Structures are given as structure tokens and as C-alpha cells.
Amino acid sequence: MRWIDLNADLGEGGSEDEALIGLVSSANIACGGHAGDEETMRRSIRWAKEAGVAIGAHPGYKDPEHFGRRAMVLPLENITELVAEQVGKLAALAAEEGAELHHVKPHGALYHQAGRDAALAAAVVEGILKVSPGLILFAQPGSELAQAAERAGVKICTEGFADRRYRDDGTLMPRGEPGAVIKEVNEAVEQAMALVSEGRMQTLCIHGDGTTAAGILSELRRTLEAAGVTVRPAVR
């Protein structure tokens, strides 16, 4: 694989957002669920537009107290509405700023639950379709979320994680387990390059709230370029 997208979550209150925007090719912008408000959304959109970075919506459970990382059980129609509302809000703000929404990446517990639950995954995809059928969905390969998108004709960008450890079965270690988050720059870059070499992933996530996110991204870009891999967003 001679190209890869690098994505990070922005607008979540992190202190390094402006630095990260210069290192990624796609930005997932929190849109008022787990974090973010109109001011942070507009600022993130402007930064991404100026940097030529693809703009994505990062919808999550409306649970800022737990940063959207607590599993919840809601009626499926509520999930669809939640996704449509948050994605639609960011799409409208992007249009006002002369930009265009490129992709959607669900956040935290919503992302991981939808990856395992077919009905929940279908509800998420339905919410995206209410805004636009032309948006790309970031999802782990083979997940229920990816399969729901395929069935609905939504384009997928397969996602791996540079800064999260995987279990032997290919699933991510839960954040509550010791060592689940990779903070050491060289270790994260090594894992990212292994994922690139497998050829299954089209985008790699580096969490924007990580304390070493900028360092990981900077070294990863240098390593990718040295290997002849182009960093760019997925084509819609």
C-alpha cells in the first residue's frame, strides 16, 4: 500500500489541536455529544480548511461526564437521530465556513459498540444517510459497522490504531486494562508501520487527547515518507 490517511480527534478540549492539524490528513471534529460546541467546531473547521485537511464528524453519546467512553443502551431510533443531529450540525457549519464534510467517525463507546452490534451499526449508518450518502465512514475492517455500511452502499475507510494495543484476536484492549494505550512514540510508530505493511488499513488513528500524540504523528510521518508511503485522505 503506497498511501495512508492519518486521522486524529479534534475539538475535544485538547491543548495541541492546532499542532496536530499540521500533522494529520483527516480531522475528526467533536460535534457536541461527548465534547465540543459551536465555537470549537468552527475553529476546528477553519484550521482544517486552512491546512487542506479532510473534515470529518465525530459523533458520540451525549455523555460529556464520561467523555462518551461509557457504554450505553438507547433505543435504535435515538441512535439514528443522535448521529444525524451531530453530523448534520457539523456539515452545516462546514458549509457556512466554505468547507465540505468528508467523513464520519463515531466516537468512543458508540464506535466500539456499533462495531460489535449489527442493529446498532445499522442505526448509525442510517443516521449518516439522513445527512448525506456521499460521506465516508471510518470503521475497523470486518466489524459490524463496516458490514452495515457496505450493505447500505456507504463507502468505508478501514481504520487501525497506532496508539492502542491489540489482542491476539484483532480486537482492541479495553482502555481500562493496563497498557491498553500506547504512549511511547517509537512503539506506536512500530505498530503503525506493521499495520500499514499488512495492507488492510486505509487510515490510522492517533488519539488527539493523548499526551504524546504530536510526537507520534511527527515521527510516523517521517517514517512513512522515508518508506515511500504518501499521507493523504481517502478519495470520496
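In the predicted model, helix α6 spans residues 144–152, and its buried residues are L145, A146, A148 and A149. Viewed down the axis of α6, these buried residues fall within an arc of 160°, so they line one face of the helix. An α-helix has 3.6 residues a turn, so residues three or four places apart point the same way. On the face of α6 turned away from the buried side are the exposed residues E150 and R151. The cover over the buried residues of α6 includes two helices, α4 (108–116) and α5, as well as the strands β5 (136–139) and β6 (156–161). Just after α6 comes G153, which takes a positive phi of about 80°.

Two packed helices are described by the angle between their axes and the distance between the axes. For α3 (residues 76–96) and α5 (residues 118–131), the axes come within 7 Å and cross at roughly 35°. The crossing is right-handed. On the α3 side, the contact is made by L76, I79, T80, V83, A84, V87, G88 and A91. On the α5 side, A119, L120, A123, V124, E126, G127, I128, K130 and V131 take part. Of the residues in this contact, twelve are nonpolar, three are polar and two are charged.

The largest nonpolar core of the model has 69 residues. Within this core, the residues with the most contacts are L6, L90, L145 and L204. Helix α3 supplies the largest share of the core, seven residues. One of the four residues with the most contacts, L145, is also among the buried residues of α6. For L6, neighbours within four places in sequence being left aside, the contacts are L23, V24, S25, S26, T203, L204, I206, L217, L220, R221, L224 and V231. This list includes L204, itself one of the residues with the most contacts inside the core. Another core, of five residues, lies apart from the largest one; W3, I136, C157 and A234 are among its members.

A further buried position is found in a loop. D63 lies between β3 (54–58) and α3. Its relative accessible area is 6%, and D63 is therefore buried, the cut-off for a buried residue being under 20%. With neighbours within four places in sequence left aside, D63 is in contact with G33, G68, R70 and M72.

Key. Residues are numbered from 1 along each chain as its sequence is written. This is a predicted model: local features need pLDDT of at least 70, side-chain atom pairs count only at pLDDT 80 or more; totals for chains, interfaces and linings use all residues. Side-chain values use heavy atoms; hydrogens and water are left out. Axes are lines fitted to C-alpha atoms, for helices over the stretch in contact, and angles run from 0 to 180 degrees between N-to-C directions. A crossing is left-handed if the near helix is turned anticlockwise from the far one by less than a right angle, and right-handed if clockwise. Contact means heavy atoms within 4.5 Å. Ala, Val, Leu, Ile, Met, Phe, Trp, Tyr, Cys and Pro count as nonpolar, Asp, Glu, Lys and Arg as charged, and the others, Gly among them, as polar. A nonpolar core is a set of buried Ala, Val, Leu, Ile, Met, Phe, Trp, Tyr and Cys residues joined through side-chain atoms within 4.5 Å. Buried means under 20% relative accessible area, exposed over 50%, partly exposed in between (1.4 Å probe, protein chains only). The arc is that of the directions from the helix axis to the C-beta atoms.
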